[in-house]
Amino acid sequence: MTLGHKLILAAAALLPAAFSYDAEACTGITLMSKDSTYVMARTCEWGGSFLQSRYVVVPRGYAQTALTPTGKNGTDFTAKYGYAGISVMQDEFVTEGLNEAGLSAGLFFFPGYGKYEDYDASLNSSTIVDVQLVAWILGNFATVDEVMENIGSIRIVALSAETQTAHWRIGDASGRQVVLEITGGKPEFHENRLGVLTNSPGFEWQMTNLNNYVNLYPGNAQPNRLTDDVTLASFGAGTGFRGIPGDVTPPSRFVRIAFYKATAPQYATGFETVKETFQILNNFDIPIGIEHSPSSGPLPENVPSATQWTTSSDLKDLKFYYRTAWNSTIRCIDLKSIRFDRIGFVSEPLDKVMEQPVEYIKVR
């Protein structure tokens, strides 16, 4: 093993501790504009420490060798399509991204419910660790169908036995979206016509659980006359959603984001829809503190929110937007402006300065 391989594995060794944390969370939503632009947005949470996330831009022809539990000796893959995304801990570990063909893919953690294939070193040439699957998908395919047809050509394994499992959200510009889950060692795709996703339990369970909230509806509850002298009336707006779960567990976030999506107005353009996704996902920011038990030790330093970044991808205009916990200004990578046949690999911090800019208003 070369020194470079050892350095990569040393950094990757941080992943089991990070991604086994019980407060890890992700929330995803998809909206469509009136001009038929699909926008896929999501949050990424980790309240234990700074995730060292960076934005990466990957050119066509970029070659990678996947990691396995024993080194950088897995499957070789070369990007047919250029893409942009956000990595976690290592540039190789792209967690969310969009490619130049309009395919979006993202990793959502799935603790306690996934089960990958057992690692077999004799099959390294077709093996890839889960945290590199998004890069493999974005570099190789243009549609959901292509991903589904080719997923059987690789073996997806965990980087170590301690690392939590994941599931994936994959969507293309046609509006088709699927959730990939691996249970019992076998990949299984679920059509995601609802267009939302969180974490555990599995997607089909989450969809069934929505039926527990059949009583919810937008608007206000009608006054209820109990007697000739007593009539119950709403305290304020939104009483039709009285009882919607407000905690940060994955089932509760799934229900909440499903109803927020269902009641969101449809805007004319993709850009307006992107802004709406950020507005909705404001409601899913997790502040530091609520996910820490007294026995878990001191609160992490320099992490203002468990929601370290939020992204939104316009699959028609090929724009990848993000903001962070340190700077809520929305930034954009325009994939149409990138010469993926000429650029080199790009990796840069999400924030040049990890500090929220404040505009001071001068009153004269």
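**Exercise 1. Cysteines**

Take C332 in this predicted model: work out whether it counts as buried, partly exposed or exposed, and which cysteine sulfur is closest to its own.

*Solution.* Start with the surface. The relative accessible area of C332 is 41%. Buried needs a value under 20% and exposed a value over 50%, so C332 lands in the partly exposed class. Next, look for a partner. The closest cysteine sulfur belongs to C44, and at 19 Å it's too far for a bond.

Now widen the search. A disulfide is a covalent bond between the sulfur atoms of two cysteines. Going through the whole structure turns up zero disulfides. C26 is in none either: its nearest cysteine sulfur, again that of C44, is 4.9 Å away, and the cut-off is 2.5 Å. C26 has a relative accessibility of 2%, so it counts as buried.

**Exercise 2. Aromatic pairs**

Classify the ring pair F50 and W326, then do the tilt angle for F271 and Y321.

*Solution.* A pair of aromatic rings is described by the distance of the centres and the angle of the planes. The count for this model comes to ten aromatic pairs. For F50 and W326, the centres are 5.3 Å apart and the planes sit at 75 degrees. Anything over 60 degrees is edge-to-face, so that's the label for F50 and W326.

Where do the two residues sit? F50 is in the loop between β2 (38-45) and β3 (54-58), while W326 is in the loop between β18 (319-324) and β19 (331-334), so this pair ties together parts 276 residues apart in sequence. F50 is partly exposed at 36% relative accessibility, whereas W326 is buried at 10%.

On to F271 and Y321. Their ring centres are 6.3 Å apart and the planes make 35 degrees, so the pair is tilted. Here, too, distant parts of the chain are linked: F271 belongs to helix α7 (residues 270-281) and Y321 to strand β18, 50 residues apart. F271 is partly exposed at 44% relative accessibility, but Y321 is buried at 6%.

**Exercise 3. A charge over a ring**

Find the ring that the charged end of R42 sits over.

*Solution.* Check the distance to the ring centre. The ring is that of F108, and the charged end of R42 is 4.2 Å from its centre.

**Exercise 4. A nonpolar surface patch**

*Solution.* The patch on the surface is made of L226, V230 and L232, with about 250 Å² of accessible area together. V230 belongs to the loop between β15 (224-225) and β16 (231-232). Its relative accessibility is 40%, so V230 counts as partly exposed.

Conventions
Residues numbered from 1 in each chain as written. Predicted model: local features only at pLDDT ≥ 70, side-chain atom pairs only at ≥ 80, totals over all residues. Heavy atoms only, no water. Patch = residues over 30% accessible without salt bridge, like charges linked within 9 Å, V, L, I, M, F, W, Y side chains within 5 Å. Areas by Shrake-Rupley, 256 points an atom, 1.4 Å probe, with all protein chains shown as cover. Salt bridge = Lys/Arg side-chain N within 4 Å of Asp/Glu carboxyl O. Helix = DSSP H or I, 4+ residues; strand = E, 2+ residues; numbered from the N terminus. Buried < 20%, exposed > 50% of the residue type's maximum accessible area, 1.4 Å probe, protein only. Phe/Tyr/Trp six-rings, centres within 6.5 Å; stacked < 30°, edge-to-face > 60°. Lys NZ or Arg CZ within 6 Å of the ring centre and 35° of its normal.
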